[in-house]
Amino acid sequence: MKDMPTTAAILPPEPRDYHGVNWAGFRTLYLREIRRFWKVGTQTLAAPVVTALLYMMVFVVAAQGARTPVHGVAFAAFVAPGLIMMQILNNAFSNSASSLLQAKMNGLTGDFLTPPLTPIEHVAAFALGAATRGIVVGAVTWLAVLPFVHLPITHLWAVLYFGAGAAMILGMLGIMAGLWAEKFDHMSAVTNFIIMPMTFLSGTFYLVERLPEPFRSASHYNPFFYLIDGFRYGFIGHAEGSLGAGVGMTAGLVVAFFFTCLWMFETGYKLKT
């Protein structure tokens, strides 16, 4: 009896073993977040710039000559850094929050949960993607307001530190909101009752020291006040609050929000249940 030919067992392909960081997967997810907002540039880039220019017209151009200088600089130079930071905050938050909420509502969370990415890589990719949008919109807004105001950079480190720190903080806050929210009404509530009030009550258009008590003291517990104040210091060279407290608060929030987002991805918070 002739020997029957033996056939090798057909085994499924072994999963790719990544040693250390999955740079290919991380880069792909990060670029996905970049291309996501870049494809609708009219909405994500042009619209915020138009909004900032309208604020400049209302608060600066329309009241030209009626506003006294603030800390030795023109009122326009005082307001402009706050407008730039406001666009950084809003757009960094919107990018990660809308990305995750839309993925959940459309049943597309498997697109980023299935690939071999660790929770750290998920958090880093979504946060950096959101921060990139915030910084790009902030840079474009800065260029757009230059024809209306002379805005030299006095302390470059403060502009970079507080700009990047604010973008990362709101990007990770957007991750937390996007994972928590179950519908767009929830996201609108976060934007309308948390983000916008904290932005407008942070000294963007006025000096906090001129507020009556208890609002003056309460403003110093608003994290957005330190982000805007530190960012403005980079341009006009004067800070209302403690610069050291702002630096420490920014670093502390980045670390705290990072570990919160990490916990949410590790546990699959509202992603796997």
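**Contacts, rings and a pocket**

Reader: What does Gly 234 touch, leaving out residues up to four places away in sequence?

Author: Ile 153, Thr 154, His 155, Ala 158 and Val 159. Contact here means heavy atoms within 4.5 Å.

Reader: What sort of model am I looking at?

Author: The model is predicted: local features need pLDDT of at least 70, side-chain atom pairs count only at pLDDT 80 or more, and totals for chains, interfaces and linings use all residues. Residues are numbered from 1 along each chain as its sequence is written, and side-chain values use heavy atoms, with hydrogens and water left out.

Reader: Back to Gly 234. Where does the residue sit?

Author: In helix α9, residues 223-236. Helices (H or I, at least four residues) and strands (E, at least two) are DSSP runs, numbered from the N terminus.

Reader: Buried or exposed?

Author: Gly 234 is buried, at 0% relative accessibility. The cut-offs: buried is under 20% relative accessible area, exposed is over 50%, and partly exposed is in between (1.4 Å probe, protein chains only).

Reader: How far is Gly 234 from Leu 156, in sequence and in space?

Author: They are 78 residues apart in sequence, and 6.0 Å apart C-alpha to C-alpha.

Reader: Zoom out. How many helices and strands?

Author: Ten helices and zero strands. The chain has 273 residues, and 45% of them count as buried. Take the contacts with a separation of 6 or more: residues 24 or more positions apart account for 82% of those.

Reader: Pockets next. How much space is in the largest one?

Author: About 350 Å³. Work on a 1 Å grid over the protein atoms alone: a pocket is an open set of points where a 1.4 Å probe fits, with protein on both sides within 12 Å along at least five of seven lines, whereas in a cavity the probe cannot get out. Grid points are joined across faces, edges and corners, and the volume is the space filled by probe spheres set on the points.

Reader: Which residues line the largest pocket closest to its centre?

Author: Gln 43, Ser 94, Asn 95, Ser 98 and Arg 133, out of 20 lining residues. A lining residue has an atom within 4 Å of a point.

Reader: And which elements give two or more residues to that lining?

Author: α1, α2 (41-61), α3 and α7 (184-200). α3 gives the most, with eight residues.

Reader: Tell me about Asn 95. Which helix?

Author: α3, residues 75-105. Asn 95 is buried, because its relative accessible area is 0%.

Reader: What does its side chain hold on to in polar contact?

Author: The side chain of Arg 133, at 3.4 Å. A polar contact is a pair of N or O atoms within 3.5 Å; within protein, one must be able to donate a hydrogen and the other to accept it, and residues adjacent in sequence count only if both atoms are side-chain atoms.

Reader: What else touches Asn 95, beyond four places in sequence?

Author: Glu 33, Arg 36, Phe 37, Gly 129 and Ala 130 are among them. Glu 33 lies in helix α1 and is buried, also with a relative accessible area of 0%. The side chain of Glu 33 makes a polar contact of 2.9 Å with that of Ser 99.

Reader: Switching to rings. How many aromatic pairs?

Author: 16. One of them, Phe 26 with Tyr 30, is stacked: 6.5 Å centre to centre, 15° between the planes. Rings of Phe, Tyr and Trp (its six-membered ring) pair if their centres lie within 6.5 Å; planes under 30 degrees apart are stacked, over 60 edge-to-face, and the rest tilted.

Reader: Why is the pair of Trp 263 and Tyr 269 tilted?

Author: Because their planes are at 35°, with the centres 6.1 Å apart. Trp 263 is partly exposed at 47%, and Tyr 269 is partly exposed at 27%.

Reader: Which residues form an aromatic cluster?

Author: Trp 157, Tyr 161, Phe 162 and Tyr 233 form one.

Reader: What sits over the ring of Phe 78?

Author: The charged end of Arg 232, 3.9 Å from the ring centre. The test is NZ of Lys or CZ of Arg within 6 Å of the ring centre and within 35 degrees of the ring normal.

Reader: Last one. What is the phi of Lys 270?

Author: Positive, about 55°, although Lys 270 is not a glycine. Most residues other than glycine have a negative phi. Lys 270 lies in the segment after α10 (243-267) and is partly exposed, at 26%.
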